[in-house]
Amino acid sequence: MKNFIECKLFCLMFLFSMLLASNSSVADIVIISHPDNNVSLSKKEVQRIFLGKLKTFPGKGPVIPIDLSKDSSHRIEFSNDILNKNMRQISAYWTRLIFTGKGLPPKQVDSIEELKKLVARNPDAIGYIDKDSLDDTVRVAFEDK
Amino acid sequence: MKKIVTVLLFASGLFTLPLQAADLRWSGFGSIVLGKTIDDEPLPGGTNSTYKPDAAAPNVDGAYYDNNWSMKPDTLFGIQVDIDLNDKLSLTSQLVSKGANDYDTEIEWLYAGYELSPKLVINFGKQRLPLYNYSDFQDVGFAYHWTRPPLEVYGEELSSYEGISTLYVDSFGDWDYDAQVYWGNSTTDGTPLGDVNLKDLFGAVLTFTNEELKYRVSAHRAEVWTDGDTGLATLVDEDSPSKAAFYSGGVFYDTGEWLVGSEVTYMDAGLIQADTDGGTFVSRKTWMVTAAYRFNDFLPHITFSEREIELAKDGTEAVLTPTLGAALAAIASEPLDGAKQISQTINLGVRWDFHPQAAIKLDYIRRADKSDDVIVDSAGKTLKIDVLSIGMDFIF
């Protein structure tokens, strides 16, 4: 009898899993670099840089990717559209890397403005913002078309 | 608090990049799990079977699930610190405290890493033994869907070594790969085999990944001997270690919606091969197949796993569970040569990601004993058991 109740509890959890929902998105994301850094990146290179697999600009010096915090809508869109991973996959990916000692995630800032300032100041840095926030303090290093 | 940390990280890591400021990051993980056995086949003496989810834990009561609810066997807490001493040299340490080990805290990792180039890192110190896809983060429940990886494949008593490893990370076309090579020594005290020593442990791991697929293969070898009060210690000692080899291969496919994976291992324990009587030994084959499908925050999953240990005639009883070993010792006249101890587990579970840094898991496992009659007749179905557990995994 007790087993039966425990099994029922289990089935209930399974049924809960059937619930569904959906996501929404914001404006177009562009990858930005310092105005003096005339690098042009491919989508694959952007992915590798932000997933910690590539630590230099192709054929050049070190690259410092800057991420937005996990709850940022830009971060979510960047992950889905450019990295082709949802936030759960991203979270699982970094959990595995951190706790295997194989890598640490990019540093994070809380806002687009902060990110833009950092990129405008450091020729090694790259980040992502929406196209509408572009100005002449930074340049586009990659745009997904 | 989060802001302060971010600011500090930036102050040390970014603005002052050319300077020598140490950049320090703390991260942690834990699991709080409640579980019990809900069905088992009583052993010949009338006692109930128990289930030990962490093979590396000592043989204390707290390490086993029995027919009372218990929080010790799977509960653990770990903390990791990563310190960048400069842009090439880093230190990593991980401390883990396990309920199965009476919450004693142990240093699981302590190593220094040096970046020889942006693609090549060399690590010195105490590190995790990279036997399987899941071994590096086996303690970090949040990183996978089960409460614990299937015991048939991942129930390994050895978890770390002291030595040197190199990690090379590169890519070609759409594929990324990394190659890890290591050398070291390892001692694990208090296992059912006694204190297990591995000398000249040497291995290589190759991993290929693209967006959805991951392939991993590994090969390892070592000289093994044991100390302590077990039958095995008299057969392989420091002067006559035996050569053991271990291989694993895995494929994992993750679309974000579907997650399907399989890992297969083979171990040639070679334990007694080196002995002069010419010849008996233990081999072990294991595999698991898992599938999961994500419905929004819920990830129901199903996993099959099997472990097959092939016995030889002399001394191998010590390799088995203590209960089984004793039973087999009592029937030493039986022809054990080639007999197989087989266990299979089905794991049904669901993971609920109710928070970005925490998940609740419910797992029901049914383990079946398919050992050859010569073993089961004498010892009973020692491996047959059903276990239910509910727990929460978190990271920070």
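Two strands pair if DSSP finds at least two bridges between them, where strands (E, at least two residues) and helices (H or I, at least four) are DSSP runs numbered from the N terminus. This is a predicted model, in which local features need pLDDT of at least 70, side-chain atom pairs count only at pLDDT 80 or more, and totals for chains, interfaces and linings use all residues. Residues are numbered from 1 along each chain as its sequence is written, while chains are lettered from A and ligands numbered from 1 in the order in which they are written.

**Exercise 1.** Trace the pairing of β2(B) with β3(B) and with β1(B).

*Solution.* Begin with β2(B) and strand β3 (residues 89-98) of chain B, which run antiparallel and are joined by nine bridges. A hairpin of four residues links these two strands, and B:D84 has B:S90 in β3(B) as its bridge partner. Then turn to strand β1 (residues 23-40), which is antiparallel to β2 (residues 76-84) in chain B and is joined to it by nine bridges; here B:L24 is partnered with B:I83 of β2(B).

**Exercise 2.** Describe the order of helices and strands in chain A.

*Solution.* Chain A holds five helices and five strands, and along the sequence they follow the pattern α-β-α-β-α-α-β-α-β-β.

**Exercise 3.** Find which residues A:Y128 touches.

*Solution.* Two residues are in contact if their C-beta atoms, placed from the backbone, lie within 7 Å. Leaving aside residues up to four places away in sequence, A:Y128 touches A:I29, A:V30, A:I31, A:I32, A:H74 and A:F78. Among contacts in chain A between residues at least 6 apart in sequence, 67% join residues at least 24 apart.
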